[in-house]
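Welcome to this short tour of a protein model. Have the sequence and the 3D view ready, and follow along one topic at a time.

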Amino acid sequence: METLIPTINRLQEVFLTVGAEIIQLPQIVVVGSQSSGKSSVLESLVGRDFLPRGSGIVTRRPLVLQLVNVAPLQERLKIENGTQTLMCLIFTDFQEIRREIEAETERSSGDNKGISPEPMYLKIFSPKVLNLTLVDLPGITKVPVGDQPEDIEAQVQEMILSFISNPNSLILSVSPANSDLATSDALKLAREVDPDGRRTLLVVSKLDLMDAGTDALEVLLGRVIPVRLGIIGVVNRSQHDINTQKSLEDSMKDEQAFLQRHYPSLASRAGSHYLAKTLSRLLMHHIRDCLPDLKTRVTVLSAQYQARLNSYGQPVEDHSATLLQIVTKFASDYCNTIEGTARYIQTSELCGGARICYIFHETFGRTLQSIDPLGGLTELDILTAIRNATGPRPALFVPEVSFELLVKRQIKRLEEPSLRCVELVHEELQRIIQHCSSFSTQELLRFPKLHDSIVEVVTGLLRKRLPITNEMVHSLIAIELAYINTKHPDFTDAAQVSASVNSQQAEALDGGKRWKNEKVAEEKVPPAGFGSPSKGQAINLLDTAVPASRKLSAREQRDCEVIQRLIKCYFLIVRKSIQDSVPKTVMHFLVNFVKEHLQSELVGQLYKQPLLQELLIESQDTAQQRTEVAQMLEALKKASNIISEIRETHLW
């Protein structure tokens, strides 16, 4: 058990330069208001006068105080600051310690009475102390004084809470006996983080300054405010004792005499000496309880930091091999993302090959299916095309030229969604670059210049293939427009139209017989809209407006329906063909080409001797993070070795 506190001290030394906040070590945190007697309590535990004193906030930085019990010949002092560049000073004079603490405080916090969270570490080796680890914090203040910041109260409370929130810390709450314990700010903060009181010990200071006729017996017995770990009363040195340089040994003798006179029943359970023994005992038992979780925490963090260090990779030695390895891995990950065999698969959205498949069969397919074969084509348009195809002679039958003219117009509408399909696939191939950079090829994060170059090469390759693919899609539509195959095996409506034409021929013969009778009747009745012209008045029939819409005759209606049926049937044949051929074209000329030529393109563009050094320059952040992670990993390994030295039998 006696080795537990030195073990924690060694762990604090290990994490001194890498940040002790990552491991919440067991320690005693001293909390109290200004002038509550915190400094006197700490000096009584050490047995020496070494802390700065004065008005206002004197303690403005956390002071981690390690007391180490050694043989008399090994007595020495050592103060360390908490910066990354570790400074270690050894002293034998306590007055020099005080001056060094003041100088370090001024250096970090300035001379405006502000505070700083940067801790200082003071280790005292002495045969007169018990093994202890304490943290002295700035006193709780309410009103800024002098040049102090307006939010000094909030800053102090935030700093105190950051230390006492550590579940592995014990809270030494110091409250003066001459003030109401119910208004103690130290107890209030302690209860916020330790509502059950399992980690809080109360020290009632300044017992000798209570009003005449009063005592703190009820408080010390826990009848006013109970504290689970106990309540210990102490007598502090007065300002007169400090001014006259009264020794702490004499002060402790006077303290015992005072306790015997005023609190004889509690004299054996009060005073600075009893406080030191109690704190040492509580800390040892607390360390014993925290040690299993601490060991697990160190093990887990070691694995995490090892994984982080592995992700940063090793410093580059062979530039050629490193570049070839990264390029090959990127090309492989890019192709695997398209094929769906990548190691890192997203679950939030479709990407890679799955997204391309969705574009082909959902986006592009639905768009083609939504195109109406007769969209934008009115009956008047069809009738006009029929008439234009017949020339100056009235047609007895529906001319094929009108069908070809109109069906080509409808087929042309398939070109725009086909080109949009190519564009969507091209955009997805661009997105795969960032997907591979972020998730698959972690080495690229180390080399920003190489990352940008790879993105530029792949983007350039895609940019070169895009117009070629678009041209092929244009050709697919042009091929369909070049020859309207009315003998297509799926064009079944052509036979029906042929039968319809034969029936029209028969009707035309019968209609010829009736034509003469209708002609005679029409001559007897003047045409509507034409009166008898007066003499000398010319009539221009071309000036008559053509009606925008009118009711079609039975024959005109029949001709329009024939053309509509033919257009719809042939359009569906072409649409089905385009829906099948466009994805194949995109895969062949864009996707598969990029997959097959990506690695050779990257090697050809980047694997050049003048570029090797420039491309493989690490970012400063990566190099710094690797160094920091390596230092932390080394500290965790040392901590694991230190903890493993404690055998299970030593804990009980």
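K412 is partly exposed, with a relative accessible area of 43%; buried means under 20% relative accessible area, exposed over 50%, and partly exposed in between (1.4 Å probe, protein chains only). This is a predicted model, in which local features need pLDDT of at least 70, side-chain atom pairs count only at pLDDT 80 or more, and totals for chains, interfaces and linings use all residues. Residues are numbered from 1 along each chain as its sequence is written, and side-chain values use heavy atoms, with hydrogens and water left out.

**The whole protein**

- The protein has 19 helices and nine strands; helices (H or I, at least four residues) and strands (E, at least two) are DSSP runs, numbered from the N terminus.
- Of the 652 residues in the protein, 46% are buried.
- Among contacts with a separation of 6 or more, 82% join residues 24 or more positions apart; a contact means heavy atoms within 4.5 Å.

**Salt bridges**

- A search of the whole structure finds 17 salt bridges, each being a side-chain nitrogen of Lys or Arg within 4 Å of a carboxyl oxygen of Asp or Glu.
- K412 pairs with E415 in one of them, with the closest N and O atoms 3.0 Å apart. E415 is buried, at a relative accessible area of 12%.
- K329 forms a salt bridge with D333, and their closest N and O atoms are 3.3 Å apart. These two residues are four residues apart in helix 10 (residues 319-339), so about one helical turn separates them.
- K329 is partly exposed, with a relative accessible area of 24%, whereas D333 counts as buried at 9% relative accessibility.
- R420 and E427 meet through their side chains in a salt bridge (3.9 Å, N to O). Salt bridges that share partners join R420, E423 and E427 into one network.

- Which residues of helix 3 are buried? They are F94, I97, R98, E100, I101, E104, T105 and S109.
- Seen down the axis of helix 3, these buried residues fall within an arc of 165°, so they line one face of the helix. The arc is that of the directions from the helix axis to the C-beta atoms.
- The buried residues of helix 19 include T622, R626 and V629, and its buried residues pack against helix 1 (4-14) and helix 9 (272-312).

- R199 is found in the loop between helix 5 (185-193) and strand 8 (200-205).
- R199 is buried yet has no salt bridge; the nearest side chain of opposite charge, D194, is 4.3 Å away. Here Lys and Arg count as positive and Asp and Glu as negative, while His and the chain ends are not counted.
- The side chain of R199 reaches the backbone oxygen of I164 at 3.1 Å.
- K206 lies in the loop between strand 8 and helix 6 (217-220), and its phi is near 60°, a positive value in a residue other than glycine. Most residues other than glycine have a negative phi.
- S280 is found in helix 9 and is buried, with a relative accessible area of 9%.

Definitions and conventions:
A polar contact is a pair of N or O atoms within 3.5 Å; within protein, one must be able to donate a hydrogen and the other to accept it, and residues adjacent in sequence count only if both atoms are side-chain atoms.
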